[in-house]
Amino acid sequence: MSEQVVEILSADEIRRTLTRLASQIIEKTGDLSQIILLGIYTRGVPLAHQLAQQIEMLEQTNIPVGAIDVTFYRDDLDRVATRTPAKTKIPLDLTGKKVILVDDVIYKGRTIRAALNAVSDYGRPATIRLLVLVDRGHRELPIHPDFIGKELPTAQEEQVQVYLQDFDGRDAVELIRK
């Protein structure tokens, strides 16, 4: 069976999308001193750092960035490949903060449910928002992103692959059809 790969976002389009998302965060969040970006391992972490850099360029405000591993909060551990958990790094108490969870792709919503459970172990934020680079639909849970880079209707059998310079040596988003 052959695969068809279609580039959805180029490196330049990802850069422009992150600039737009950073502007939306600034506009919709208000007091930037209360924000913390939490990237969900794996590719949500570098996306969160890129967003923080973009916000700093636009507003001259340093935004703290953390990383959260949801491995042990998943409800499908028996069905996913075993992997060594990454280390959760949260630079401050989340109580009263405006947390923005950052992930590369949202699909069924289960990773985000796990992230919400994980966040509760680190304090009680004032708000939790969700930012995704790509929303591919097919939700199984009532979870909807607050900030969306690209809405991409997909078929169940299709895959969305995000490549980021930090992990893959290039920036791109591809749709893979089998």
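Quick housekeeping: residues are numbered from 1 along each chain as its sequence is written, and side-chain values use heavy atoms, with hydrogens and water left out. Since the model is predicted, local features need pLDDT of at least 70 and side-chain atom pairs count only at pLDDT 80 or more, while totals for chains, interfaces and linings use all residues.

Okay, helices, meaning DSSP runs of H or I with at least four residues, numbered from the N terminus. Have a look at α1, residues 11-29, and α2, residues 44-59: their axes come within 9 Å and cross at roughly 65°. Those axes are lines fitted to C-alpha atoms over the stretch in contact, with angles from 0 to 180 degrees between N-to-C directions. That makes α1 roughly perpendicular to α2, a label covering 65 to 115 degrees. Who touches whom, with contact meaning heavy atoms within 4.5 Å? Leu18 and Ile25 are among the α1 residues involved, and α2 brings residues including Leu51 and Ile55.

Now, salt bridges: a side-chain nitrogen of Lys or Arg within 4 Å of a carboxyl oxygen of Asp or Glu. How many salt bridges does a search of the whole structure find? Eight.

Another joins aspartate 135 to arginine 139, at 2.9 Å. Here aspartate 135 is buried at 6% relative accessible area (under 20%; exposed is over 50%, partly exposed in between, using a 1.4 Å probe and protein chains only). Arginine 139, at 24%, counts as partly exposed.

Notes. Helix = DSSP H or I, 4+ residues; strand = E, 2+ residues; numbered from the N terminus. Parallel < 35°, antiparallel > 145°, perpendicular 65-115°, else oblique. Contact = heavy atoms within 4.5 Å.
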